[in-house]
Structures are given as structure tokens and as C-alpha cells.
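Work through the exercises below with the model open. Each task is followed by a solution in steps.

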Amino acid sequence: QGQLVESGGGLVQAGGSLRLSCAASGRTFETYTMGWFRQAPGKQREFVAAIPWSGGSTSYADSVKGRFTISRDNAKNTVYLQMNSLKLDDTAVYYCAARRPSRAYDNWGQGTQVTVSS
């Protein structure tokens, strides 16, 4: 099983931006869909965005559409989540995940904390 390592989290004021990175290693993820999820205190983990590793259309949760952008750099085995116009409700631990076609996400990173302050 491969390893996913997130980075880029931190403290930001409402309205600000952050870019999260997810570096994949240990195996090839060329056929995998990569996703970002988040979990706020006291809430269940929720889907944020996804992108097929080999290309294709991206998908987003309604709550982040128009503000977040998922992208990938296959040469660097890295997936990004650009987060703009951050809101207090975006505060959460953000996780990177991978899944094979038609399978559930079964490869997860350790998470990175994003805190949005007023």
C-alpha cells in the first residue's frame, strides 16, 4: 500500500487562502482517483473534492464549489487543493485519500489541520 502525506495546513483569517498538498509515494497511483475529505470537531468526515489521476472531470462538494480547486501534478505524484475565500466553517482536519476505479477510498493520509479565524 502506498503512502499519502498532506501538508500546507495552518491558521488563516476568514477570506484568506491556503493550498494543501498531498504527496503520494510507495506505489503508483496512475489509475487512482484522488480525493480530499475533511472532518470538523464533532462532525463526520465529509467529501470535499476529487480528481481522476489520469485526467477527466473534477467533482466538488456544494459547500466548496467556486472557492476550492483540486489539481494534480503527475510528474510529482502530488495532488493539490487550492482553497480561496475561506470561511469559519472550513475549519477542519483535511485528509487526502486514494481509490481504485469502482472501489471505495482505502488509502488515507494522516491529515492536516486548517483553522479559519474571524
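**Exercise 1. Count the aromatic pairs and classify the one between Phe37 and Phe47.**

Solution. Rings of Phe, Tyr and Trp (its six-membered ring) pair if their centres lie within 6.5 Å; planes under 30 degrees apart count as stacked, over 60 as edge-to-face and the rest as tilted. By this rule there are 4 aromatic pairs. For Phe37 and Phe47, the ring centres are 5.7 Å apart and the planes stand at 75°, so this pair is edge-to-face. Strands (E, at least two residues) are DSSP runs, numbered from the N terminus.

The model is predicted: local features need pLDDT of at least 70, side-chain atom pairs count only at pLDDT 80 or more, and totals for chains, interfaces and linings use all residues. Residues are numbered from 1 along each chain as its sequence is written, and side-chain values use heavy atoms, with hydrogens and water left out.

**Exercise 2. State whether Phe37 and Phe47 are buried, partly exposed or exposed.**

Solution. Buried means under 20% relative accessible area, exposed over 50%, and partly exposed in between (1.4 Å probe, protein chains only). Phe37 has a relative accessible area of 11%, so Phe37 is buried. Phe47, at 29%, is partly exposed.

**Exercise 3. Classify the pair of Phe37 and Tyr105, then find the cluster.**

Solution. The ring centres of Phe37 and Tyr105 are 4.9 Å apart with planes at 80°, so the pair is edge-to-face. This pair links distant parts of the chain, 68 residues apart: Phe37 in strand β4, and Tyr105 in the loop between β9 and β10 (107-108). Both residues are buried. Phe37, Phe47, Tyr105 and Trp108 form one aromatic cluster.

**Exercise 4. Which rings have the charged end of Arg45 or Arg99 over them?**

Solution. The test requires NZ of Lys or CZ of Arg within 6 Å of the ring centre and within 35 degrees of the ring normal. Arg45 sits over Tyr95, 4.0 Å from the ring centre. Arg99 lies over the face of Tyr105, at 5.5 Å from the ring centre.

**Exercise 5. Describe the surroundings of Thr33.**

Solution. Thr33 is in strand β4. Its relative accessible area is 14%, so Thr33 is buried. Contact means heavy atoms within 4.5 Å. Leaving aside neighbours within four places in sequence, the contacts of Thr33 include Ala50, Trp53, Ala98, Arg99 and Tyr105.

Technical notes: Helices (H or I, at least four residues) and strands (E, at least two) are DSSP runs, numbered from the N terminus.
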